[in-house]
Amino acid sequence: GSRRSRSAAISPEFASSEKENLGHLDEALLKPAHAVLAAALHQAAQAKADGTPPQCPKCGRKLTRRQKVERTVQTRFGPITLRRVQGFCPKCKEWFCPADVALGLAGGRSPFVQEAHALTAAQMPVQQAARVVARLTGLPTAPATLDRGAKETGRKAQSLRRALDEQTRAGQGPHAAGDLENQTLVIQIDAFNLRERGEDWGRAGELRARGQEPAHWHWVYVATVFVLEDRLDKNGRARIVQRGFVVTRQGIDELREQLHAEAVGRGLGRAQRVLVIADGALWIWNIVEHRF
């Protein structure tokens, strides 16, 4: 009730002020609104944590040596503190908090915060990303914390990609519909060099003193796959309706595996022709001979 009263009182003050614009009102309403939403979020999250069975998220076995532990979680509305059951799995030989898995928590961050960290860190240096996240969400984050969180999200994405690729190769994943017997599957392959924060970032002087050159530049391998006939004319130009992409910094072998699964899902083996477009790099044509 008091929060609603304070929020309502802002409107007359804002309307009569010559110095404040809509941005000032946005900021003034943000804190009381976040406090209300954080309380609702905490109540719902705690209820889900309380209702999560004390079972190992890996093997399903009942956890032993169980105890209640608290954890402060950073959410889009501010920090909340949850009590969850922590236990030991005698089969996996690990400690788990099943509620953390059920809630999608990682490193004390909600899924929204994880996504905000990953998206900004993928687009700009982490120091700059930390400032952007703090300004847009009000969530202060150390650059090193953001960097760790973004890398963890990347590792999860890699695991998910491998699982989906295995399903596709086994005939269980999504596959292109329709008759491809008279159509052409086009595959384009290339690579580019990317300057990226790596494990040796910030250690250039130390590494050079040892006679090692720091590796700030890394090869990124990329490919796209589409059915040539799956296109339409728009403003006098042919546009491909849909295509698949593969991008990885995990090396040529990883590109080969991901690209093969992507191509299978888009008609490899059913299309009448497979056309590969690329430059003369030997590694590309080795992949083509091996898989396509």
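Let's start with R256. R256 sits in helix α8, residues 252-265. Helices here are DSSP runs of H or I with at least four residues, strands are runs of E with at least two, and both are numbered from the N terminus. Is R256 buried or exposed? R256 counts as buried, because its relative accessibility is 19%. The cut-offs: buried is under 20% relative accessible area, exposed is over 50%, and partly exposed is in between, with a 1.4 Å probe and protein chains only. What does R256 touch? Leaving out residues up to four places away in sequence, R256 touches I287, H290 and R291. Contact here means heavy atoms within 4.5 Å.

A word on the model. It is predicted, so local features need pLDDT of at least 70 and side-chain atom pairs count only at pLDDT 80 or more, while totals for chains, interfaces and linings use all residues. Residues are numbered from 1 along each chain as its sequence is written, and side-chain values use heavy atoms, with hydrogens and water left out.

Next, aromatic pairs. How many turn up in a search of the whole structure? Two. A pair of aromatic rings is described by the distance of the centres and the angle of the planes. Rings of Phe, Tyr and Trp (its six-membered ring) pair if their centres lie within 6.5 Å; planes under 30 degrees apart are stacked, over 60 edge-to-face, and the rest tilted. One of the pairs is Y221 with W283. Centre to centre, Y221 and W283 are 5.1 Å apart, with 85° between the planes. That pair is edge-to-face. Where do the two residues sit? Y221 is in strand β5, residues 217-227, and W283 is in helix α9, residues 282-291. The pair links distant parts of the chain, 62 residues apart. Y221 and W283 are both buried.

Now to helix packing. Take α4, residues 111-123, and α5, residues 126-137. They pack at about 135°, and their axes are 9 Å apart. Axes are lines fitted to C-alpha atoms, for helices over the stretch in contact, and angles run from 0 to 180 degrees between N-to-C directions. So α4 is oblique to α5. The classes are these: under 35 degrees is roughly parallel, over 145 roughly antiparallel, 65 to 115 roughly perpendicular, and the rest oblique. Which residues make the contact? From α4, F112, A116, H117, T120 and A121. From α5, V126, A129, V132, V133 and T137. By class, this contact has seven nonpolar residues, three polar and no charged. Nonpolar covers Ala, Val, Leu, Ile, Met, Phe, Trp, Tyr, Cys and Pro; charged covers Asp, Glu, Lys and Arg; the others, Gly among them, are polar.

α5 has another partner. Helix α6, residues 143-169, packs against α5 at about 100°, with the axes 9 Å apart. α5 and α6 are therefore roughly perpendicular to each other. On the α5 side, the contact uses V126, Q127, A129, A130 and V133. On the α6 side, P143, L146 and D147 meet them. The contact of α5 with α6 has six nonpolar residues, one polar and one charged.

Some single residues now. Q188 is in strand β4, residues 184-195. Q188 counts as partly exposed, because its relative accessibility is 28%. Along the chain, Q188 and V222 are 34 residues apart, yet their C-alpha atoms are separated by 8.4 Å. Apart from residues up to four places away in sequence, Q188 touches V222, A223, T224, F226, R243 and I277.

D100 is in helix α3, residues 98-103. At 9% relative accessibility, D100 counts as buried. With residues up to four places away in sequence not counted, D100 touches R71, R84 and L105.

Then K31, in helix α2, residues 22-50. K31 is exposed, at 70% relative accessible area. K31 and G138 are 107 residues apart in sequence, and 9.5 Å apart C-alpha to C-alpha.

Last, backbone angles. R65 is not a glycine, yet its phi is positive, about 50°. R65 is in strand β1, residues 64-75. R65 is exposed, with a relative accessible area of 55%. N235 also has a positive phi, near 55°, and is a residue other than glycine. Where is N235? In the loop between β6 (231-234) and β7 (237-240). N235 counts as exposed, at 74% relative accessibility.
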